[in-house]
Amino acid sequence: DVKGRPLYGNENAPITVVVFADFECPHCRQEAPVLRQAIDQFRGRARLFYKHFPLSGHVRARAAAIASVAAHEQGKFWAMHDLIFENQGALEDADIRRYAQRAGLDMAKFDASYSAKKGEALVEADRLEGEKLDITGTPAVFVNGRQTNQIMFGGTITGWIDDALKR
């Protein structure tokens, strides 16, 4: 279910890429620009949705996810996403608030949403969906509903998107 989730790319694109990610995961940090570059490369034929899958061992991943939902409420998810990943080792509340300011958020609205944990239900819904999909680690990337792997289509997101466009 991607309704209301952060979208990058053409909303009417025929190919849908969904990533389940954790803001404290170093592999997710590495994969984030690769995914967006692939979407850009396919010029309107692919779109990317972000879903939250904070891992239990990452103690600040859930807070970062809730903060990104607060940013998404103001149309600034991707700016916040990038700042969180760039500063992955510093995700205390004061750090997160500083990133929200740098992202250009209305701080009164951000503070109200973040302190009320308004995004917690959405983060939890994403996590539960990921568990139903048997996701065991992050990032977990799906192209038109099929989970990618390193074996097929060259193991790259562009290979997977290319294959999906041929179907």
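Modeller: In this predicted model, a pocket is an open set of grid points with protein on both sides within 12 Å along at least five of seven lines.

Biologist: How much space lies in the largest pocket?

Modeller: Rolling a probe the size of a water molecule over the atoms shows where empty space is left. For the largest pocket, that space comes to about 290 Å³.

Biologist: Which element gives the most residues to the lining of the largest pocket?

Modeller: The lining is made up of 15 residues, and those that lie nearest the centre of the pocket are Glu31, Val141, Thr148, Gln150 and Gly155. Two or more lining residues come from each of helix 1 (26-41), strand 4 (140-143) and helix 7 (157-166). By class, the lining holds 6 nonpolar, 8 polar and 1 charged residues. The element that gives the most, with 4 residues, is helix 1.

Biologist: At roughly what angle do the axes of helix 1 and helix 3 cross, and is the crossing left-handed or right-handed?

Modeller: The axes of helix 1 and helix 3 (residues 77-86) come within 10 Å and cross at roughly 145 degrees. Cys28, Arg29, Ala32 and Arg36 of helix 1 make the contact with Trp78, His81, Asp82, Phe85 and Glu86 of helix 3, a group that divides into 4 nonpolar, 1 polar and 4 charged residues. As for its hand, the crossing of helix 1 past helix 3 is left-handed.

Biologist: Is Asp134, with its positive phi, buried or exposed?

Modeller: Asp134 belongs to the loop between helix 6 and strand 4, and its phi is near 60 degrees. Because the cut-off for exposed is over 50%, the relative accessible area of 62% makes Asp134 exposed.

Biologist: What relative accessibility does Phe153 have?

Modeller: Phe153, in the loop between strand 5 and helix 7, has a positive phi of about 55 degrees although it is not a glycine. Phe153 counts as partly exposed, with a relative accessibility of 28%.

Terms used. Residues numbered from 1 in each chain as written. Predicted model: local features only at pLDDT ≥ 70, side-chain atom pairs only at ≥ 80, totals over all residues. Heavy atoms only, no water. 1 Å grid on protein atoms, 1.4 Å probe; cavity = no way out; pocket = protein on both sides within 12 Å on 5 of 7 lines; lining within 4 Å. Points joined across faces, edges and corners; volume = space filled by probe spheres on them. Nonpolar A, V, L, I, M, F, W, Y, C, P; charged D, E, K, R; others polar. Axes fitted to C-alpha atoms, helices over the stretch in contact; angles between N-to-C directions. Left-handed = near helix turned anticlockwise from the far one by under 90°. Contact = heavy atoms within 4.5 Å. Buried < 20%, exposed > 50% of the residue type's maximum accessible area, 1.4 Å probe, protein only.
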